[in-house]
Amino acid sequence: MMEARLSLVTLGVADIARSKAFYEAMGFKTAFQNEQIVFLPMGGLVLALFGKHDLDADMARENSGHGHIALAHNTRSEAEVDAIIDHAVASGGSLLKAAHKADWGGYSGYFADPDGHAWEVAYNPHWTIDAEGRINMAP
């Protein structure tokens, strides 16, 4: 059986150096890099930046567009949502959807990194986030 956990998220990118600079500007720290890949730890998970054509070859498939997926970062306040989205845009990302009061009772918006990977930034008043950044969904 496979354990119910995620270890690594790999983003296929057009320019590894540009993507690394963007994520470092967002506050990520590089743990390892070479000419083919960059590893950025994320509180028990690792974000990897890998050339998109190399990733396609590694998966033995062709990908002609963006996947239907959004990475998400939850915050402890609405103000933090706005600050992170503003910083992402100032660092070379693009605004996909301005932060707003969401139907589900929270506050969220979306930005894309330089390669178009979507990130939702959200505040959910029904969840708490511990000091290590882990979400507690208990009522």
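In the predicted model, strands β7 and β8 form a hairpin with 5 residues between them, and G116, located in the turn, adopts a positive phi of about 90°. The pairing of β7 with β8 is antiparallel and extends over 6 bridges. Within this pairing, F111 is positioned opposite W119 of β8.

Strand β7 also pairs with β6 (residues 94-101), to which it is joined in the antiparallel sense by 5 bridges. Here H100 faces S108 of β7. The hairpin of β6 and β7 likewise has 5 residues between its strands, and G105 in this hairpin takes a positive phi near 100°. Strand β7 itself is mostly covered, with 5 of its 6 residues buried.

The loop that links β7 (107-112) to β8 (118-123) contains D113. Because its relative accessibility is 2%, D113 is classed as buried. When residues up to four places away in sequence are set aside, D113 contacts L11, F22, Y23 and G93. A polar atom of the D113 side chain additionally lies 2.9 Å from the backbone nitrogen of H117.

How values were computed:
Residues numbered from 1 in each chain as written. Predicted model: local features only at pLDDT ≥ 70, side-chain atom pairs only at ≥ 80, totals over all residues. Heavy atoms only, no water. Helix = DSSP H or I, 4+ residues; strand = E, 2+ residues; numbered from the N terminus. Buried < 20%, exposed > 50% of the residue type's maximum accessible area, 1.4 Å probe, protein only. Contact = heavy atoms within 4.5 Å. Polar contact = N/O pair within 3.5 Å; in protein donor to acceptor, adjacent residues only side chain to side chain. Pairing = 2+ DSSP bridges.
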